[in-house]
Amino acid sequence: MADIAVPNLSTFDLHQIKSDLIFAQRECYERRLIHAAKWAAEISRAIEITVDTKDLSQTVEDEGYWQEYDAFVLAKSYFDLQEYDRAHHTLKSCKSPKPYFLRMYSLYMADQKKKADNMPDSNDRSEPLKNEVLKTLQTDLAEKCSNNKNGLDGFGLYLYGIVLAKLDLKQMATQILVDAVNKEPLNWAAWIELARLVTDKETLRSLQLPNHWMKCLFLAKVFSELQLQEEALAIYRTFMRGGFCDSSYLVAQIAVTYQDMKDFVMAVATFQHLQVMDPYRIENMDTFSNLLFMQEKKEELAHLAHKCCSVNKYCVETCCVIGNYYSLRSQHEKAILYFQRALKLNANYISAWTLMGHEYMELKNTSAAIQAYRSALEVDERDYRAWFGLGQTYEILKMPSYSLYYYRRAQSLRPNDSRMVIPLGECYQKMDRLQEAKKCFWKAHCLGDVEEIALFKLANLFAILEEKDQACQAYTEYINQADGVHGHNYEDLSRSYWYLANYHLEHKNWDDAYAAAQKCTEFAQTREQAKGLLRTIQTRRGQETPCGMTSMQVDTSIDSISQTDQSNDESPRRPFDRVTPVNLKFTP
C-alpha cells in the first residue's frame, strides 16, 4: 500500500537489531511473556553476528524493585508452575513496574485458566463468560495509567490493552496498544495484539506508530490479514535478504503467505524447507496440514501426523494435524474427537472450531455445525471460514436470506477470492435477484475463478435473461477454458454445446451450428437430441442452397463436414466477435 509508510530496513544497523532482540528476550522473559521471548530469541539466533556486550541495553532498576526482589523471584517460580493465584498473592503489595506487571498478569492468567478448566463442554460456549476479574483488572490498570508520576510502562499498557480487548472495548484497546508499542517497541506481543484489532485499511492508516524496524514485521502481519499478500511477501523477502535468511519464523510466514496467494507449489516447498531447518517445530504445522488436506495428499499428511505426534502429542497443532488426517480418510467422528481435544487444550483455538464445524457438516449435523462456527466467531470475527461455513449450513437448510448474509460477511473478508463470490451469486439467483447474481459471477471470473465454474453460471444467467449474444460468448469462453482442463464437468460441457448449436442454427451460422451439434453427440445427455438437430441443420441449409449449387452438392458438402468431425475430435470453431458484459461493476 503506497499510502502506508513502511520503514526502510537498510537504515537500521544489524548490530543494533541484534542488541534490541537480546534486550527484548530478556525483558519479556523477566515478565513471563514466554511467546514473545521465544520469538525474539529465534530471530536473534538467525542473525549470525557477534554483539559487543557494551552495546547491550541495560535496564536500570529503581530502589523499589530491589526492595521487592525476593517476592518477585518467588512469584516467577510460582508462575512457571502455573500457580497463578499464588504468584498474585505473593506480589499483592508490590508496586514497582516489573513486580506490578507480574502481579496483574498472574491475576489475568489465573482467570483465563479457571475459565478454561470450568468450561463444561468444548462444544458449548452458549453460557456467557463471567468477567468480574477482567473488570477488576480494568479498574486497577486504568487508575495506574492515569497516574502521571507512576503510570504504566509499555508492558503494563500492553496488559491493559489485552483486558480492554477481552471486554470488547476494541477502540479504546487499539489506542492503548498503540501507546504500548510507542513506549516499548520491542514487545512483540503488543504488536501481535494490535494486529488482531486492525480490521481494515482505514484503521491501519490512522495508527500513529513508531518508526521502528519491528513496525515492518507488524505491517507484514497486518497486510496478510487484509489480503495484501504481495506487500507482505515483499517485506519478508527484504528481511531474508537483509541477514535473516535462517529465521524459521520468517520462512513460516512466507509459506503461509504463499498458501494465501493460492501458490500451493511454493507453499508446500517452503513448508518442506522449514521442516529441514527446524525438524522439531510444531508451530504452523496445522496450517501445513490444511494445505496437504486441500491437495488430498494422504501419504504426506499421514507422515506429518506421525511426526507431530512423536514430537509433542499433547498440543493443539498436533491434534489439528491428526484431525485433518482422519477427515481426509472420511473418518469424521475421529476427526471431531481430535478437534475437541485441541479445544480442551485451548478453547480459543479458532482452527479447531471451524474444522470441527466442517466435520459436523459432513455428518449432516447442521445444528452442531452452526454452534461450532459461532464459537469460532466469538473468538475472532475475522475468521472468514466460519462465516462461509454458516452460509453453507443455512443454504442446506434452505434459508437463502440467512445464507446471503453470512456469505457477504465471508466475501468482505476475502474480497479477492472467487470461491467467496460464487456462492454469493448462487444465493442471489435462488432469490431471483438475477442482476446481482450476474455481477457476482462476472466478478468471480475476473478474479481468476479457482473452481472454473463462474463462466458457465454466468452463461446460464445470460440465457435465462435472454441476452443471447452474451450467453453465446460466455459459453464459448467456457468451452475454450475447459479444453485444457482434465476432469471437467461433462454435463456442463454438453449443455454449453447444445446452447451454441441452437444459437447458431437460429442465426443461420450453419458451420458453427453443425460443429456444436456434432460435439453434442459425444455426450450421453445430448446424443439423441443432437442427431435430430443435425438433420434439422442439413434440411435448413438445403433450403437455402446458393444459386448455381445443386442440392446434391450441398449434401456432398455436409457429408464432407461429417467425415471431418468423425475423424477429428476437435471440430473447428469459427472465432466469434468478443461480446463483453456491460455495466457489471461488482456491488453485491
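**View 1. Helix H8 and its buried residues.** Gly-154, Phe-155, Gly-156, Leu-157, Tyr-158, Leu-159, Tyr-160, Gly-161, Ile-162, Val-163 and Leu-164 are the buried residues of H8. Here, buried means under 20% relative accessible area, exposed means over 50%, and partly exposed lies in between, using a 1.4 Å probe and protein chains only. That makes eleven buried residues out of 13, so to speak a mostly covered helix. Helices (H or I, at least four residues) and strands (E, at least two) are DSSP runs, numbered from the N terminus. H8 takes in residues 154–166 and reaches 19 Å from its first C-alpha to its last, close to the 18 Å expected at 1.5 Å a residue. The expected span is 1.5 Å times one less than the number of residues in the helix. After H8 comes Asp-168, with a positive phi near 65°.

**How to read these views.** This is a predicted model, in which local features need pLDDT of at least 70, side-chain atom pairs count only at pLDDT 80 or more, and totals for chains, interfaces and linings use all residues. Residues are numbered from 1 along each chain as its sequence is written, and side-chain values use heavy atoms, with hydrogens and water left out.

**View 2. The helices that cover H8.**

**View 3. Aromatic rings.** The whole structure holds 29 aromatic pairs. In the pair made by Trp-66 and Tyr-69, the ring centres are 5.5 Å apart and the planes meet at 35°, so this pair is tilted. Rings of Phe, Tyr and Trp (its six-membered ring) pair if their centres lie within 6.5 Å; planes under 30 degrees apart count as stacked, over 60 as edge-to-face and the rest as tilted. Trp-66 is exposed, at 53% relative accessible area, while Tyr-69 is partly exposed at 34%. Tyr-325 and Tyr-326 also form a tilted pair, 5.4 Å centre to centre with 55° between the planes, and both are buried. One aromatic cluster brings together Phe-79, Tyr-84, Phe-101, Tyr-105, Tyr-108 and Phe-155.

**View 4. Charges over rings.** The charged end of Lys-144 sits over the ring of Tyr-100, 4.7 Å from its centre. Likewise, the charged end of Arg-341 sits over the Tyr-338 ring, 4.6 Å from the centre. To count, NZ of Lys or CZ of Arg must be within 6 Å of the ring centre and within 35 degrees of the ring normal.

**View 5. Ser-403 in helix H23.** Is Ser-403 buried or exposed? At 0% relative accessibility, Ser-403 counts as buried. Its place is in H23, residues 400–413. Leaving out residues up to four places away in sequence, Ser-403 touches Gly-391, Tyr-394, Glu-395 and Cys-427, where contact means heavy atoms within 4.5 Å.

**View 6. Confidence along the chain.** The protein chain averages a pLDDT of 86, and 88% of the residues score at least 70. This score is the predictor's confidence in each residue, from 0 to 100. Over residues 547–588, pLDDT stays under 50. Where pLDDT is low, the predicted coordinates should not be read in detail.
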